[in-house]
Amino acid sequence: MNGTTPQATAHEANIPPGTIMSFRSTLRLAVPVLMLSALAQANAQTVVVTTPTGTVTNPGGPDMNDPFAFDTWLRDNVRAGSTVGITNTYARSGNGSAQMTGTIANTSKADMEYYFGGQYITPFSLSSLSAASYEWLRNSSSTANGFLVPSLRFMIDEDGNFNTTTDRSILIYEPIYNGTTTAAVDTWVSEAINGTSNLWWRQFNPGNTVVDPFGQQLNAYQSATGVTSAGRTITGNSVVYGLSSGIGSGWNGTFDGAVDNIEVAYGNNDVTFNFETTTATPEPATLVLFATGFMGVVGFARKRRTV
């Protein structure tokens, strides 16, 4: 990546050219009939997420990950010196949030990831994505550059055909590319994502980071007027098949903070995930998200990528 600060240092994936992010997103959908149809419900819903319980800490060694499952949040890509999981340290909208901590500069990384299996969200076309949002907190003890906070990522199948697996990538929202030059500390901040928000594009094969230099607006990807790289492009027919939020990978210091209330709106659907340590006092219309494994959905198979 070229440019001056923050372009050269802000990206969560400050990775040498040709390497591949440790991001478990090589899904193969052999049954396209999982389709792009909208979920039956048209009303907004909040999903209380209480599993997996506790945190994952990697004191050193290979990346650590929860076993793969659809329709449940996973603690993923947990590198050396990192911790991630649902805690009450930074309670938000209840008694918990997803805490993310990295203690080793340029090494630590930790994510929370969710793969759409149809229980709450079905894979949908990028053109139908109307908005998204999430909340983040950065503790003042963090020493990484002041603009670095958790990102929100959309997992993309570029051609919309899950039988091909070499066109997987992510669109990444970071506040630094949307006006936040210095993040607030010790307070919760809400991020709203819409058609004019800037997102940058990371391809898994051959490991290209595609930026220009602050990324492209979401509506440019949706209308195929955005950047094209290595003969590939993202269009409105590309499919969103998962969400991810995380920290690290090339960050120049330590970080401690959290995310909560991750929301995605597409078509007539609006789903918010609220991380909680218990479900003792759920709101009336709230659904509870349990670890549901494959939820009867077949045809997916996945393998890990490693850096």
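This is a predicted model: local features need pLDDT of at least 70, side-chain atom pairs count only at pLDDT 80 or more; totals for chains, interfaces and linings use all residues.
## Strand β16 and its partners

Y114 has L243 as its bridge partner in β16. Strand β7, residues 109-115, runs antiparallel to β16 and is joined to it by seven bridges.

Strand β10 spans residues 151-157 and also pairs with β16 in the antiparallel sense, again over seven bridges. Here L152 stands opposite S245 of β16. Strand β8 covers residues 124-125. Two bridges join β8 to β16, and the two strands run antiparallel. S125 has V239 as its bridge partner in β16.

## Burial of β16

Strand β16 runs over residues 239-248. Ten of its ten residues are buried, meaning under 20% relative accessible area. The strand is therefore largely enclosed by the rest of the structure.

## The cavity

The structure holds one cavity of 30 Å³ or more. The volume of the largest cavity is about 40 Å³. Its lining consists of G102, S108, K109, I247, G248, W251, G253 and F255. By class, the lining residues are three nonpolar, four polar and one charged.

K109 of the lining lies in the residue range of β7. I247 and G248, also in the lining, lie in the range of β16.

## The chain overall

Of its 307 residues, 57% are buried. Among contacts between residues at least 6 apart in sequence, 76% join residues at least 24 apart.

The accessible surface of the chain comes to about 11,300 Å². Carbon and sulfur atoms account for 53% of that surface.

Methods
Residues are numbered from 1 along each chain as its sequence is written. Side-chain values use heavy atoms; hydrogens and water are left out. On a 1 Å grid over the protein atoms alone, a cavity is a set of points where a 1.4 Å probe fits but cannot get out, and a pocket is an open set with protein on both sides within 12 Å along at least five of seven lines; lining residues have an atom within 4 Å of a point. Grid points are joined across faces, edges and corners, and a volume is the space filled by probe spheres set on the points. Ala, Val, Leu, Ile, Met, Phe, Trp, Tyr, Cys and Pro count as nonpolar, Asp, Glu, Lys and Arg as charged, and the others, Gly among them, as polar. Buried means under 20% relative accessible area, exposed over 50%, partly exposed in between (1.4 Å probe, protein chains only). Contact means heavy atoms within 4.5 Å. Accessible areas come from the Shrake-Rupley method with a 1.4 Å probe; for residues, only the protein chains shown count as cover. Helices (H or I, at least four residues) and strands (E, at least two) are DSSP runs, numbered from the N terminus. Two strands pair if DSSP finds at least two bridges between them.
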